[in-house]
Amino acid sequence: MALAEKSQTATVQDCSQTRLSSTNQDVAFESASITDKLAQHATRCSTPPRHSAFNKFILYENKLRFYVIISNASDSRHRIVKIDRTSQNDLNVIEDETDYSGRQMSAMIKMLDDGNKTSGGIGKARIIFGVAGFVRFTAGWYMIVISKRSSVALLGGHYLYHCESTEIIPVCFNNKVDKPAEEQRLLNIFKQVDMSKNFYFSYSYDITSTLQLNLTKPNRFEKTKWWFNDRYVWNFHMLCSPFNDQSPRGGQAWLIPLIHGHVDQAKLNVLSRVVFVTLIARRSRHYAGARYLTRGVNEEGNVANEVETEQIVSEALTTPFYVPSSEHQSGRQPSPHYTSYVQYRGSIPISWTQDTTSMSPRPPIEISVVDPYYTAASRHFNNLFARYGTPMIILNLIKRREPVPRESKLLEEYTQCVRYLNQFLPEGKKMVYHAWDMSRAYKEKTQDVISYLEDLAEESIQMTGFFHTGSEPYSHHLQSCWEDEQYRPAWRKNVRLQNGICRINCVDCLDRTNAAQFVFGKRAFGHQLYALGVVRNPNLPFDSVAVNMLTEMYHDHGDTIALQYTGSALVNRVETYRHLPHWNSHSRDIIENIRRFYANSLLDADKQMAINLFLGVQGERHGQVVQARGKYQEWFDTENLRTLFPLAESTQSLSDFVGRRGDFWSEYYRPLLFTSLEKHFAFCMSTPPGKFIKGVSYSPFLPSSMHVVHQPRLVTGVKRRWKGTHSSLHNEKLRRKPLPADIADKSQLMHQSDPTQSSGVLASHLLNPKVPSEELSEYHRCANIYMAGKQLIDTA
């Protein structure tokens with residue numbers, strides 16, 4: 001980062017040192033003759049590919065105008081944007097969409113400086129990292145610029161950044177405010193949304209959409225006004241309101257969409273292979289707010305605390321989303337080293353509220369609107385069908401029995417809602433609903449909470465699948481040769497796609513929901529590693545290095561979401577439901593409960609006001625638009641029930657993407673910049689400490705201590721059940737036929753439970769290998785055939 005900023009500073013100095021003579025007073029932007037000549041010359045010059053993203057910004061400021069110089073990483077493309085500062089009420093922005101070379105831009109800056117000498121030149125060069133938008137309160141516009149950033153993730157050669165600092169700059173130089181006290185009050189409220197925490201962006205990767213959408217539907221925004229998914233863009237109001245809700249022509253080059261949520265990335269070293277694990281949480285801007293002030297669903301079908309969580313697991317064998325084609329020498333094909341799995345959390349889609357005036361730590365729950373046709377919920381689920389497809393799995397974790405009914409009210413209403421809406425859906429498209437009292441199962445210890453959730457997770461992953469950009473490793477086919485041919489699943493030669501989503505909720509969608517999402521993420525993590533060929537079995541045990549790393553990532557993910565919604569971190573963590581709490585967990589839970597009660601009782605009103613102002617929400621309706629009531633029975637759009645990601649179409653789109661839009665060299669590789677590995681993001685990425693026993697690397701997928709490893713009932717004793725298509729009627733037969741490899745793994749775990757004997761056990765295994773009887777008999781049969789053939793040849 002430091003080297004990048006130094007390089008950008010050097011570019012500014014090079015531009016400012018160029019001086020040419022000019023006699024024009026205000027040649028600048030308005031001078032048609034000079035600009036046209038430069039533009040004509042720029043079009044004649046060979047320009048780099050259009051995929052070369054702009055990621056360097058230089059701001060010049062004087063009393064009359066702002067000049068924003070936009071450049072790419074290699075300094076081969078430059079553009080200029082002028083913002084007028086003389087008008088207080090109007091925002092005048094002139095965008096020049098011509099691409100200039102470095103020499104042409106230096107000449108342009110020189111002419112701008114000479115033309116503005118009467119107003120002090122164009123001002124001193126200042127480095128920024130993008131414009132987040134414009135905002136207006138009572139009088140005059142403000143420009144929000146990103147003044148500091150930090151790299152947090154790397155996907156396919158595209159950097160994801162965290163917004164570290166922003167500045168609010170008045171656009172009008174002589175801004176006259178009629179109500180200075182009101183203007184300052186609104187400005188202070190606006191600043192309560194801290195843009196230096198949990199806001200993320202990228203210059204060349206669409207962080208507002210999932211990896212599967214980016215790769216398989218690259219043209220999804222061609223018929224829309226914006227180039228991003230505005231549901232998760234929290235500065236959308238600052239991008240659209242200054243331009244009358246219209247997308248500026250060249251805004252994609254200099255306006256930066258920001259998501260609010262959480263981004264984390266870590267790498268896992270598996271012998272000589274490096275695996276990147278990325279977690280991206282996107283918080284919706286619709287019906288956003290504080291805990292007790294935004295509950296349930298609004299009339300448009302948007303729910304409170306809506307967060308989309310994407311888990312990306314990739315192998316860093318090659319950096320981009322493509323690899324050299326095996327058929328064409330100069331061609332490309334999709335890289336098979338990327339996988340992703342998407343989950344969803346959101347409040348119960350019923351109109352319900354909680355009264356906080358009594359200052360009770362647990363306010364009573366009231367169902368404010370009783371709609372027998374569940375119109376708002378139908379809009380919500382129809383929107384989920386349009387965004388994620390089918391099937392829809394719903395996991396409801398609220399309490400079933402209580403001394404004083406609170407959550408149980410919502411359970412009855414929610415169950416009735418799903419039952420009512422399901423009766424109109426066609427067969428095969430009905431929502432799968434699971435209601436389970438997770439809190440009671442934990443307290444009464446009647447069920448193993450984690451084991452039950454793993455079973456549900458396995459069932460959900462089987463139904464929705466996950467995204468994989470390549471075919472299944474051929475080693476899986478070789479390892480399955482021992483199975484009966486009748487039950488042997490076919491080797492998957494195509495990409496794998498996720499159609500459908502699992503929707504998880506509790507009352508707040510925080511503690512229980514985060515624990516459940518971790519278990520689902522853990523199961524998906526095993527399948528993703530298996531699809532990449534990293535592990536031989538997707539059943540990952542707890543207390544291993546890999547799962548501990550994922551647990552910490554989900555803890556950070558849950559704490560961040562909880563702080564944004566309630567003002568405090570998680571109260572109950574994964575260890576709580578595993579009955580492995582830390583010695584200080586009880587006191588920590590008390591402190592977090594007190595902090596949450598204080599924030600919800602005293603600070604939420606101001607927090608909600610700040611969020612509404614930031615998002616441009618007017619009044620108390622959260623920007624709702626009263627919609628006409630739809631049909632009672634056909635509450636869904638039939639088009640939304642189709643397969644959202646067809647295999648043939650998605651495969652073709654993926655190939656087209658890597659062939660045309662997969663370039664990453666201009667941002668990732670900078671051959672003119674001197675750097676070192678210690679300053680490279682991928683080299684310095686967070687890595688869990690590996691374990692070494694007498695110099696031998698310990699597998700990150702083996703538990704550090706011996707304990708009973710739970711295997712979900714759907715995959716017990718099955719090696720590739722999740723890859724096959726045979727029915728569940730064969731499960732019992734498959735369970736009674738354990739894998740020899742699994743038996744060997746179990747024996748190895750028993751021996752490796754004592755770390756001090758690992759080297760000796762390994763040596764004894766190598767000196768005296770134990771071969772399964774089936775394999776030994778097959779070896780003798782092949783040897784006998786070979787000897788018989790040799791005798792026939794000798795006699796002949």
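**Close-up views of a predicted model**

View 1. Glutamate 95 is buried, with a relative accessible area of 13%. Keep in mind that everything here comes from a predicted model. Look for glutamate 95 in strand 4, which covers residues 93-100. Its side chain makes a polar contact with the side chain of tryptophan 254, at 2.9 Å.

**View 2. Asparagine 55 and the residues around it.** Here we're in strand 1 (residues 54-61), where asparagine 55 is found. Is asparagine 55 buried or exposed? Asparagine 55 counts as buried because its relative accessible area is 6%, and the cut-off for buried is under 20%. The side chain of asparagine 55 reaches a backbone atom, the nitrogen of alanine 73, at 3.2 Å. Setting aside neighbours within four places in sequence, asparagine 55 is in contact with Ser71, Asn72, Ala73, Arg149, Tyr203 and Glu667.

View 3. The bond to look at runs from threonine 390 to proline 391, and it is cis, with omega near 5 degrees. Most peptide bonds are trans. Proline 391 itself sits in a loop, with helix 8 (375-388) on one side and strand 18 (392-396) on the other.

**View 4. Leucine 271, a positive phi in a loop.** Most residues other than glycine have a negative phi. Leucine 271 isn't a glycine, yet its phi is positive, at about 55 degrees. You'll find leucine 271 in the loop that links strand 10 (259-270) to strand 11 (273-283). With a relative accessible area of 75%, leucine 271 is exposed.

**View 5. Asparagine 305, another positive phi.** Asparagine 305 has a positive phi too, about 50 degrees, and is not a glycine either. This residue belongs to the loop between strand 11 and strand 12 (307-315). How accessible is asparagine 305? Its relative accessibility is 3%, so asparagine 305 counts as buried.

**View 6. A nonpolar patch on the surface.** Which residues form this patch? They are Tyr598, Leu602 and Leu603, and together they have about 300 Å² of accessible area. Leucine 603 lies in helix 16, which spans residues 585-615. At 40% relative accessibility, leucine 603 is partly exposed; that clears the patch cut-off of over 30%.

View 7. Cysteine 240 is buried, at 6% relative accessible area. Cysteine 782 is partly exposed, at 39% relative accessibility. A disulfide is a covalent bond between the sulfur atoms of two cysteines. How many disulfides does the count give? With a sulfur-to-sulfur cut-off of 2.5 Å, the count comes to 0.

**View 8. Zooming out to the protein chain.** To place the close-ups, here's the overall picture. The protein chain has 22 helices and 23 strands. It is made of 796 residues, 53% of which count as buried. Its accessible surface comes to about 36500 Å², and carbon and sulfur atoms account for 53% of that. What about contacts along the sequence? Among those between residues at least 6 apart in sequence, 73% join residues at least 24 apart.

How values were computed. Residues numbered from 1 in each chain as written. Predicted model: local features only at pLDDT ≥ 70, side-chain atom pairs only at ≥ 80, totals over all residues. Heavy atoms only, no water. Patch = residues over 30% accessible without salt bridge, like charges linked within 9 Å, V, L, I, M, F, W, Y side chains within 5 Å. Areas by Shrake-Rupley, 256 points an atom, 1.4 Å probe, with all protein chains shown as cover. Salt bridge = Lys/Arg side-chain N within 4 Å of Asp/Glu carboxyl O. Helix = DSSP H or I, 4+ residues; strand = E, 2+ residues; numbered from the N terminus. Buried < 20%, exposed > 50% of the residue type's maximum accessible area, 1.4 Å probe, protein only. Contact = heavy atoms within 4.5 Å. Polar contact = N/O pair within 3.5 Å; in protein donor to acceptor, adjacent residues only side chain to side chain.
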